[in-house]
Amino acid sequence: MLNGEQGHVIARALKTLVHYGKAFGAQRLVPIKSAHLAGSFGSISYSAYYIVLEQFIKAGLRVKVPTTINPRPGHDLNLLNRIAFGKQNALDFKMQQLGVTPNYSCVCYEKDNVPNVGDCLAWSESSAVQFANSVLGARTNRNSLLIDLCSAITGFTPEFGYLLDENRRGRILVKLKISKMDSAALGFIIGREVVNKVPVIEHFNFSRTELKNMGGAMAAAGGIAMFHVEGLTPEAPDMKTVFANAPPEATITITQDDLQNLQTKKPQQAELVVFGCPQLTYEETIELAEYFKENRSKKNIWFCMIPEAKLRFEQTDLYKNIRKNGVQVFSHCPLSALTVQISRKKVLTPSGKLFYYLKGAEYSSLDECIKTCREM
Amino acid sequence: MQKLTGDVVVKGVGSGQALVTQMPINFAAALAGVSSIIPGKRGVIQDRQHELFQKNIKGKVLVFPTCIGSTFTGMVLMQLMYKKEAPVAMIIQNSDSLLVAGVILAEVWFNCGIPVVEYRGKDLYDKILTGDTVEVNGDTGEIKIYRETTQ
């Protein structure tokens, strides 16, 4: 393939992976079970990206493994979004030509792209990478956009980093002195403190949803590709195993005060409260929507859901009730949708990831955000 | 002139004025937004949480600890190099898959990569200061630092 027997474009895709692997001492390329792409925003500023996609399409290439893709950017929200993401329809069509599953979700592991323990993957999207490695026990590096597609097109990824046992073991011990859990805030602080090592969190019985939201925050505020929770995640049955019998390189303690310091002092100033970054699952939405079925909130409220989950949710009475009360239900990425707006409403969110990326956004815990929305 | 020797991450040679930060950079947050489509402004750091906020990295030798954040990083960097608004070289303490991806993509698809050298030593920030003229040899890993002495 590298010598061009299968065409020079696929040879180039493979060459990209070889060079990329060499920079990290990879000895070989290994086959992958699936890919997940982050390049789903049809922004007018990414001309180089489209040039490469066009070359793949002209060469008649299609993905060799099941491949999912991140959310759309909210390109149809208003005029400015329509301009900024003016390439969206063209990009969607390109992805269709390449054979990509049109799931349009960063929570691809919920339904459309579910890896097994030990599977080698080539995923991008930091929050999905985090979940696949940490919670599902699959193996992927934090791949960049286009590297993910080079892997999907060739079916290979270079073997280094989080594909190898020695890089997956715990490095930093995280002790908790927390009476009331706020998983997104915890993830944010761990990301900031640990930056890019593998943290092991003392046992806490996090739900799957909490793990998703904690991981998303950790991968935004830091460069963490994998975490463990003692006695909960698959590669951390106990401290001895997860640290491979070695002592932690460092120990940090996160307290209730640390979580508290992240919370905005004035949540009531918010004009728009955004839930769902990473996108809300069906179960998460049902639980959340209960709080909004009785009364209309004074705040603007956005739910950003996995598209497939949104379709199911739309069939429920609960959906009709919260829509009647003014809650807006979307399936786009709230971050990209809001980033391009010039005079934006004051945003409050319980998402550590959205809080990190969106300029001017404020953070409150999920409970506090719900309370703020319900204040009369 | 002082010399440091680091590990080659991406080959090539480049020299220019150093821009040094000890804060990890989230390039997706740093270089995204409306200004990323305006020529001449593409290399300006937009991340308010970063100490290089509003500094332009174009033509500089960027010296920093590591990359954090989004997997958009590679594409953002590739676009920057494709539009010729990137640093001329980078010196990084811990090279990271996203940064390298961006540079390799620019090299393989557009022939416009830049040298990247990894230097893990803690003395990096003593040896190179913002404003020094730095030559980065990405073939040997050699870093030459020239400082203008006042007088």
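A residue counts as buried if 20 or more other C-beta atoms lie within 10 Å of its own. By that cut-off, 54% of the 151 residues in chain B are buried. Keep in mind that you're looking at a predicted model.

Stay with chain B and colour it by secondary structure. You'll find four helices and eight strands, and from the N terminus they run β-β-β-α-β-α-β-α-β-α-β-β. The C-alpha trace of chain B spans about 40 × 35 × 25 Å along its principal axes. Its radius of gyration is 14 Å, which agrees with the value near 15 Å that a compact globule of 151 residues would have.

Now select chain A. Here there are 17 helices and 14 strands. The radius of gyration of chain A is 21 Å, close to the 21 Å that the globule rule gives for 376 residues, so chain A is as compact as a globular protein of that length. The C-alpha atoms fill a box of roughly 70 × 55 × 35 Å. Buried residues make up 54% of chain A.

Next, zoom in on helix 1 of chain A, residues 8-22. This helix has 15 residues and reaches 20 Å from its first C-alpha to its last, close to the expected 21 Å. Which of its residues are buried? Select A:Ile10, A:Ala13, A:Leu14, A:Thr16, A:Leu17, A:His19, A:Tyr20 and A:Gly21.

Technical notes. Residues are numbered from 1 along each chain as its sequence is written. Chains are lettered from A and ligands numbered from 1 in the order in which they are written. This is a predicted model: local features need pLDDT of at least 70, side-chain atom pairs count only at pLDDT 80 or more; totals for chains, interfaces and linings use all residues. Helices (H or I, at least four residues) and strands (E, at least two) are DSSP runs, numbered from the N terminus. The expected span of a helix is 1.5 Å times one less than its number of residues. A residue is buried if 20 or more other C-beta atoms lie within 10 Å of its own, exposed if 12 or fewer, and partly exposed in between; C-beta atoms are placed from the backbone. The radius of gyration is taken over C-alpha atoms; the globule rule is 2.2 Å times the number of residues to the power 0.38.
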